[in-house]
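Me: Please show me how to read this structure, one feature at a time.

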Amino acid sequence: MHPIVEREQLSPNVVRLVVEAPRIAKVRRPGQFVIVRKGPGAERIPLTIADNDAGAGTITLMIQAIGASTTELTNMQVGEAISDIAGPLGSETHLLKSGHAVCVGGGVGTAVLLPIVRALSQAGVHVTSVIGGRSREWVILERELRELGDVVTCTDDGSYGRHGFVTEALKDLLEAGGVDAVYAIGPVPMMKAVSAMTLPYNVPTTVSLNAIMVDGTGMCGGCRVTIDGETKYACVDGPEFDGHKVNYQELSDRLTTYRTFEQQALDKLGACATTEVKA
Amino acid sequence: MTDPASPVPAGEGAAPAPKPMSNKERMTIERVAMPEQPGDARAHNFGEVNQGLTYQLAMLEAERCIQCPKPFCVDGCPVRVNIPRFIKFLRDGDLPSAAESLLSDNALPCVTGRVCPQETQCEQVCIRNKKGDSVAIGYLERYVADWAQAHLDELPKADPAQTGRKVGIVGSGPAGLTAAGELAKLGHDVTVFEAFHAPGGVLIYGIPEFRLPKDIVQAEVDRLKGEGVKLELDSIIGRTYTIPELREEFDALFLAVGAGLPVFMNVPGENYKGVYSANEYLTRVNLMGAWSPDSKTPILHGQRVAVVGGGNVAMDAVRTARRLGAEEATIVYRRSANELPARAEEVHHAKDEGVRFEFQVAPIEVLADENRWVRGLKCVRMELGEPDASGRRRPKPIPDSEFTIDCDLVVVAIGTKANPLLTGSAPELKVNEWGYLVTDEYGMTSMPGVFAGGDIVRGAATVILAMGDGKRSAAAIDSWLRGEWPPAPEANLQKPEKKAAVAAG
């Protein structure tokens, strides 16, 4: 069992949980993830490890409530325990050693980006984080990122920071020159747009792919993605890949496989939640 | 146990023995039939197909064994169960002794009594098979094993002297669990590491409920835990811990991680929505419980399902598809019916359940609709060509024979291969060109004190062959721990089974 020792609501649908997982806290590397199973009968959900404290034996997970299972996880409170956390899984991030990195985060992707920004900053790389959301309340982790480098915030509605998409802010940075690498994590269309933008500037771009998976060890093949025309497994070969080589169309498409089922599960959960409130 | 298979009349252990039969009388008894759920009913439920023998049927079948002085059946068994001995106890109505006898030879008899291909092992070499039908050894094993599981408190508790030596076992599938049981019996301190949240490996994620109920696997695991075996779940060796780390903590290791990576067909369209590896399809249904409508794990319910492959895994997948509501479920196999690697019983069960077979057919492309959902499997017909290096005639495509199987789900069950996750964490472990671990005649890898067995050594094979490896390796590990190395020739180290190229099951 993995007790939750800290919980923080970061945005209307993103929650930060600090949970006990001593062994994983000791050995995890930036870019790696865990598979979380809330309890008996629950789904196995891949979540990036946002942070770790080897001394305290804890890891930090940032969870966006999208479907029924993630909603149930974000509803968990301090004192409750997650029954299974397996990992750390995936390959670690290939980090730039020196120079200037631009890290682009969209929505909960910003949380996945944080450990990479931290590792880059610790290695002495100059980091500019470009983070965005629909409006002010969806922009997360700005304070943490500011401690590690420059931050540009963007909102779609202009309610905070720069008005517009993260790609527009990125374009200005690329035009100004001196960008050695880009790390982009967020919704698939955003990673696709970032990769398309960096290509003509010939700036190496790393993206993190949130494919559907069961085991996280290469056993199911459900997370297969096409990289440069070749099938790879996001769980073991990734989750990070060269953004210029990803078949985004296929990834977006495969992510919709269970959309009907997910909607039904969410409706059912909504119905239960309502019932509970009434009772 | 939910298994209804063991209705033993009260006090049967004390039943007075009737006058023994002569062998001539025994030879006149016909082999009993396994009670089965009817095909049309079971094609729509996940209840166990084979219902198990009743007490009367089991006693009748036990009388058929003529107790050969030199029993071939024992040689035919990869874990060398002393078959005539447990059958004799059963025949005498002494179920506790039958159970004790069986459990001392076989760590997972409820499992092997259900999934072993007895017809090509013990039963094939049974003397009665020469003229008529062999003794139904598998049915009797299952009967005694299920009785044992339901009456554990009537069996003597093993209490071996503890040696204080620690053994780490990686993987809780049939090889790992067997080795764990054997080593615990010898008094070693055994810890089994499992990557998933539940123990059992392929017994849990792969073999479906209707063939091997999951509470039976759990009961076998619980029994081993009662014998002192410790389990560490959610532990991926190669990620959570490395082999060198474990090697420091344990006096010996046994690597039994299986051959976990799915093999795909490598044809266009394979990444469309509605193409599963058999591993993913079966794991969702079995381990994650998607067979139940209340499950939180999604599964695609195909109306017309094509399963590519002809092994036991393919049969499991196609029969699962029927149970999940497929009106049409088809096996697509590139050779003929005679070459099907699946057990005869599985093929027979699949046919009874309305599964279609397309023989000598090879897929060349997966077709999809405008939303990239599978709508068909484009295939070509095959004929047998010249014999290949293995002596088997190699199938080759017939020109202009292309056709399409309409389907909305494709499950690829053409095999699995080694997962490099574990071996990659210890470069000093020698692997062969396919990534399988190389071991010596005692099952030891290139790292001293690190042994390996099951599919990660032999390639995808069967549950019982993996268990044989587990048992042999346990004996070797025991010798290693006692400092008797190499093991004495008379040690309980039977020669390894030949590496069989059959599908997992």
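Me: How many helices and strands does chain B have?
Reply: Helices (H or I, at least four residues) and strands (E, at least two) are DSSP runs, numbered from the N terminus. In chain B there are 19 helices and 16 strands. The model is predicted: local features need pLDDT of at least 70, side-chain atom pairs count only at pLDDT 80 or more, and totals for chains, interfaces and linings use all residues. Residues are numbered from 1 along each chain as its sequence is written, while chains are lettered from A and ligands numbered from 1 in the order in which they are written.

Me: Why is chain B described as being as compact as a globular protein of that length?
Reply: The radius of gyration is taken over C-alpha atoms, and the globule rule is 2.2 Å times the number of residues to the power 0.38. For the 505 residues of chain B the rule gives 23 Å, and the radius of gyration is 23 Å, close to that value, so chain B is as compact as a globular protein of that length. Along the principal axes, its C-alpha atoms fill a box of roughly 70 × 60 × 50 Å.

Me: What percentage of the residues in chain B is buried?
Reply: A residue is buried if 20 or more other C-beta atoms lie within 10 Å of its own, exposed if 12 or fewer, and partly exposed in between, with C-beta atoms placed from the backbone. In chain B, buried residues make up 53% of the 505.

Me: Is Ala184(B) buried or exposed?
Reply: Ala184(B) counts as buried because it has 24 C-beta neighbours inside 10 Å. Its place is in helix α10 (residues 174–185) of chain B. Two residues are in contact if their C-beta atoms, placed from the backbone, lie within 7 Å. Leaving out residues up to four places away in sequence, Ala184(B) touches Val190(B), Leu224(B), Glu227(B), Gly228(B) and Val229(B).

Me: Which residues have the most contacts inside the largest nonpolar core?
Reply: In soluble globular proteins, nonpolar side chains tend to be buried together. A nonpolar core is a set of buried Ala, Val, Leu, Ile, Met, Phe, Trp, Tyr and Cys residues joined through C-beta atoms within 7 Å. The largest one here has 226 residues, and those with the most contacts inside it are Val144(B), Leu255(B), Val307(B), Ala317(B), Val410(B) and Val411(B). Helix α19 (residues 463–481) of chain B gives the largest share of this core, 11 residues. Among the residues that Ala317(B) touches are Val307(B) and Val411(B).

Me: Where is chain A divided into domains?
Reply: Domain bounds come from an automatic or database domain assignment. Chain A has domain 1 (2–89) and domain 2 (100–255). Their C-alpha centres lie 21 Å apart, and 18 residues of domain 1 of chain A are in contact with 19 residues of domain 2 of chain A. On the domain 1 side, β4(A) supplies the largest share, 6 residues.

Me: How many residues does each chain bring to the contact between chain A and chain B?
Reply: Chain A brings 32 residues and chain B brings 26. The most on the chain A side comes from β7(A), with 6 residues. By class (Ala, Val, Leu, Ile, Met, Phe, Trp, Tyr, Cys and Pro count as nonpolar, Asp, Glu, Lys and Arg as charged, and the others, Gly among them, as polar), the chain A side has 13 nonpolar, 10 polar and 9 charged residues.
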